[in-house]
Amino acid sequence: MSLDGFPPFISAQLHYLINHFPDKIKVEQVLSGGKTYTGGLDRFTLLIPYCLDYIKWDIIYNAEFPLAPPDIIFGTEDEDFHPLHMTGRVGEGDLKFRNILSDWNYKDPTRLLALIQELRDRYMAYQKKRVGEVDDDRLTFEISTICSREGIEMQISSGAEKPEEVKFAVPLMDMNINKMVHGCPWRHPQKIYLQVIYPVGKKYASTPSAPRLKLMSTTELRALFTIEDVKLPSWLDGMCMAEYLPHLEESLQKQVLEAVSLIDIRRHFIEALAPLLGRPLEADPVCTSLAIYLFILSISLFNIDC
């Protein structure tokens, strides 16, 4: 995105955040806070990836007083999220967080990134705590069996018009797909996730309903591998995630390795066409999934005397 219109110190911090955040972060609703101040834009909304969705936080600088850290307004659905008061005592994490704010240096372009990362970590702990407090035996069991898996995110959601449910985002396969693809241009790590959504059970329910399952991936990975074409294994009665995930990961790993091996096959095929058709006008240089050639047809017209 263009950072024109921001004061230099905000522009530098935003640029660093966008380019160094582990996942793709978005900036929306850019505004200027003061009616009389003409120094530029100083507030915006960040869309921060979390649990295969985005959480929206309003970031409010005061361009007239750059020495102060920005204010942050969390979403209305997270009114109980108070990152400065998440523990009863001041621990190492609390001191780190408070130091980020008290030692705010607006000339340091890394400060906004450090602040957002620390807040996101605390938000993840907040959501995990909320999910752990849900009075549902199956959810309690599921959490106990998968808590050792790295990178799992969870979130509880409810509303006036929909029942309470818990969503898990489970990263699959310990594979560095970026390194497997020669000449990979992807800036962010390419990953595949399983989204698992559990309805919060009622005590009187005799049989727990199966969770909703959906495979999801980072956007750039679709050039190599179409996640929508993968058929998920069936979820059997009484099954838990710890049983389900190994079979899914084994199947996915084979399909990803096959997709990577097909890159070289397509590349050799395109090279073999060169003596016949010449070099392609346009080709996908990474996954070689597209090659466009120009054909020139010569047509001779003959008069035939009958």
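**Note on the predicted model: burial, charge pairs and backbone**

1. Arg120 counts as buried, at 10% relative accessibility. Its partner in a salt bridge is Glu153, and the closest N and O atoms of the two are 2.6 Å apart. This pair links distant parts of the chain, with Arg120 in helix 3 (residues 111-132) and Glu153 in strand 5 (residues 153-159), 33 residues apart. Glu153 counts as buried too, because its relative accessibility is 12% and the cut-off for buried is under 20%.

2. The coordinates come from a predicted model. For the protein chain the mean pLDDT is 81, with 77% of the residues at 70 or more. The pLDDT falls below 50 over residues 290-306, a stretch that has 19 contacts in the model beyond near neighbours in sequence.

3. On the overall make-up, the protein chain has six helices and 10 strands. Of its 306 residues, 39% are buried. Among contacts with a separation of 6 or more, 56% are between residues 24 or more positions apart.

4. How many salt bridges does the structure hold? There are nine, and the Arg120 pair with Glu153 is one of the pairs that form such a bridge. As background, side chains of opposite charge can pair when their charged atoms come close. Two further pairs follow.

5. Asp42 and Arg43 meet through their side chains in a salt bridge, at 3.3 Å from N to O. Asp42 is buried, with a relative accessible area of 2%. Arg43 has 25% relative accessibility and counts as partly exposed.

6. Lys129 and Glu133 also form a salt bridge, with 2.7 Å between the closest N and O atoms. Are these residues buried or exposed? Lys129 is exposed, and Glu133 is exposed as well.

7. Asp78 is a charged residue without such a partner: it is buried yet has no salt bridge. Its place is the loop between strand 4 (71-73) and helix 2 (92-102). The nearest side chain of opposite charge is that of Arg130, 4.5 Å away. What does the side chain of Asp78 make a polar contact with? The partner is the side chain of Tyr123, at 2.9 Å. Not counting residues up to four places away in sequence, Asp78 touches Tyr123, Tyr126, Gln127 and Arg130.

8. Helix 4 covers residues 137-146, and its buried residues include Leu139, Glu142, Ile143 and Ile146. These four lie on the same side of helix 4, because they cover an arc of only 95° around the axis. At the N-terminal end, helix 4 is capped by Asp136, which has a side-chain oxygen 3.0 Å from the backbone nitrogen of Arg138.

9. Ile72 is part of strand 4. Which residues is Ile72 in contact with, leaving aside its neighbours within four places in sequence? They are Trp57, Asp58, Ile59, Leu115, Ile116 and Leu119. Leu119 is 47 residues from Ile72 along the chain, and the C-alpha atoms of the two are separated by 10.0 Å.

10. Gln195 is found in strand 7 (residues 192-199). With 12% relative accessibility, Gln195 counts as buried. Leaving aside neighbours within four places in sequence, its contacts are Leu52, Lys167, Phe168, Arg212, Leu213, Lys214 and Met216.

11. Two backbone angles should be noted. Most residues other than glycine have a negative phi. Gln29, which is not a glycine, has a positive phi near 50°. It lies in strand 1 (residues 26-31) and is exposed, with a relative accessible area of 55%.

12. Met173 likewise has a positive phi, of about 65°, although it is not a glycine. Where does Met173 lie? It is in the loop between strand 6 (162-172) and helix 5 (177-180). At 12% relative accessibility, Met173 counts as buried, whereas Gln29 is exposed.

Terms used:
Residues numbered from 1 in each chain as written. Predicted model: local features only at pLDDT ≥ 70, side-chain atom pairs only at ≥ 80, totals over all residues. Heavy atoms only, no water. pLDDT = per-residue confidence, 0-100. Contact = heavy atoms within 4.5 Å. Buried < 20%, exposed > 50% of the residue type's maximum accessible area, 1.4 Å probe, protein only. Helix = DSSP H or I, 4+ residues; strand = E, 2+ residues; numbered from the N terminus. Arc of directions from axis to C-beta. Polar contact = N/O pair within 3.5 Å; in protein donor to acceptor, adjacent residues only side chain to side chain. Salt bridge = Lys/Arg side-chain N within 4 Å of Asp/Glu carboxyl O. Lys, Arg positive; Asp, Glu negative; His and termini not counted.
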